[in-house]
Amino acid sequence: MTRPLRLGVVGLGAISPYYLAAAERLPEWQLTAVCDARAEALEQFPGRAARFSDLRTLLDRARPDALVVAVPNDVHLPLCRDALAVGVPVCVEKPLALTPAEGSVLVELARRGGVPLMTAFHRRYNAAVRALVHGTTGREIRSVRVRYLERIEEHLGGEDWYLDPARCGGGCVSDNGPNALDLVRLLLGELAVTGCEIHRDGSGVDRQAMIRLRGRTGTTALVELDWSYAGELKDIEVELAGGEVLRADMVAGHTGFKASLWHEYEAILTEFAALVRTGGPADLGAHGGLAALELVEAAYRCARPAWDATAAEATAVEADR
């Protein structure tokens, strides 16, 4: 009989309960170690797993078969790098890192070591999303719209780093954007950003964004992001070539705050266990963590300030004279 895989979890913040509960339910895993730099978080951890305040010590002493990284976005790079460097497979919360340059470091490290590196795009495991993907398979898609709307202050879970652009990457585009963009990639494949508008608050945090995209076959997509929305709305609308419209509501039918996440994270750890057992795809990172970062960067580049666009247009007009 195959023994359960020894799992380490670094980061005991707002997302960790979903990983910990999934590890408890799934026979593939045995939670053996947790890590958090905050003494209070370690003290409040109710489980029997070994506790560490430093990841390198965890890796050296607990020797996990695999690691979940669920820490603020700005420390994804150093923690994932430490684990991959000693051959430990990593499942990291989205985004893979803050920038494509950082993400490339991790993908290359995983590729050279033949170590699985998975970015946890949890919405692709949502039951309604899976039904939508099944319903569109083999059918021509005319357009896709993904809406990811919430009031971020209701989702912080005590983690204020989401509202620090330097730590989260910018705001709704850098943090929710990868999940929404991954859903479009799931339906249309490779994409290019064709337009983007971003509205920021006085602290420089992205609060709303509209990202326009185009697939290889010319299919268009629109991603709407909002961190100031009163309530929560997360859905996908697909228009097929014949005019039929299919829709997936990612939160409907799940009673309770963020209740849909329980089944999504269980599916993530199920797939991660399979990747660890088989060696998994390590060259590009499972599910395109790097590709999502490149789309996010393209969106930011597209949404340059209006004065920049005006200057560019003036330069073009001058050049035409």
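In this predicted model, strands β7 (residues 141-151) and β11 (residues 228-240) pair in the antiparallel sense over ten bridges.

Strands of a sheet pair through backbone hydrogen bonds, either parallel or antiparallel.

Which residues of α6 are buried? They are Val129, Leu132 and Thr136. These residues lie on the same side of α6 because they cover an arc of only 60 degrees around the axis. On the other side of α6, Ala131 and His134 are exposed. The cover over the buried residues of α6 includes β7, α9 (177-188), β11 and β12.

The model has another open sheet of six strands, in the order β3-β2-β1-β4-β5-β6, and its pairing is parallel. The edge strands are β3 (50-52) and β6, each pairing on one side only. Neighbouring strands of this sheet are turned by 25 degrees against each other on average, direction ignored. Within the sheet, strand β1 (residues 5-10) pairs with β4 in the parallel sense over four bridges, and Val10 stands opposite Val69 in β4.

Strand β5 (residues 90-93) and β6 likewise pair in the parallel sense, over four bridges. Val90 faces Leu117 in β6. To get from β5 to β6, the chain passes through helix α5 (residues 100-113), and this β-α-β crossover is right-handed.

In a regular strand the side chains alternate between the two faces of the sheet. Strand β6 (residues 117-120) is covered on both faces: Leu117 and Thr119 are buried on one side, and Met118 and Ala120 are buried on the other. Helix α10 lies across β1, β2 (29-35), β4, β5 and β6, and runs at about 170 degrees to β6.

The largest nonpolar core has 76 residues, and those with the most contacts inside it are Tyr19, Trp29, Ile236 and Leu269. Helix α10 (residues 261-278) supplies the largest share of this core, nine residues. Tyr19 shows what such a position is in contact with: leaving out residues up to four places away in sequence, Tyr19 touches Val68, Ala70, Cys91, Glu93, Ala120, Tyr265, Ile268 and Leu269. A second, separate core has 29 residues, among them Val10, Leu59, Leu96 and Ala97.

Two details of the backbone remain. Most residues other than glycine have a negative phi, and most peptide bonds are trans. Where is Arg63 placed? Arg63 is in the loop between α3 (55-61) and β4 (66-69). The phi of Arg63 is near 45 degrees, a positive value in a residue other than glycine. Arg63 counts as exposed because its relative accessibility is 54%, and the cut-off for exposed is over 50%.

The other detail is the peptide bond from Lys94 to Pro95, which is cis, with omega near -5 degrees. Pro95 lies in the loop between β5 and α5.

Definitions and conventions:
Residues are numbered from 1 along each chain as its sequence is written. This is a predicted model: local features need pLDDT of at least 70, side-chain atom pairs count only at pLDDT 80 or more; totals for chains, interfaces and linings use all residues. Side-chain values use heavy atoms; hydrogens and water are left out. Buried means under 20% relative accessible area, exposed over 50%, partly exposed in between (1.4 Å probe, protein chains only). Helices (H or I, at least four residues) and strands (E, at least two) are DSSP runs, numbered from the N terminus. Two strands pair if DSSP finds at least two bridges between them. A crossover is right-handed if, with the strands pointing away from the viewer, the path from the first strand over the helix to the second runs clockwise. A nonpolar core is a set of buried Ala, Val, Leu, Ile, Met, Phe, Trp, Tyr and Cys residues joined through side-chain atoms within 4.5 Å. Contact means heavy atoms within 4.5 Å. The arc is that of the directions from the helix axis to the C-beta atoms. Axes are lines fitted to C-alpha atoms, for helices over the stretch in contact, and angles run from 0 to 180 degrees between N-to-C directions.
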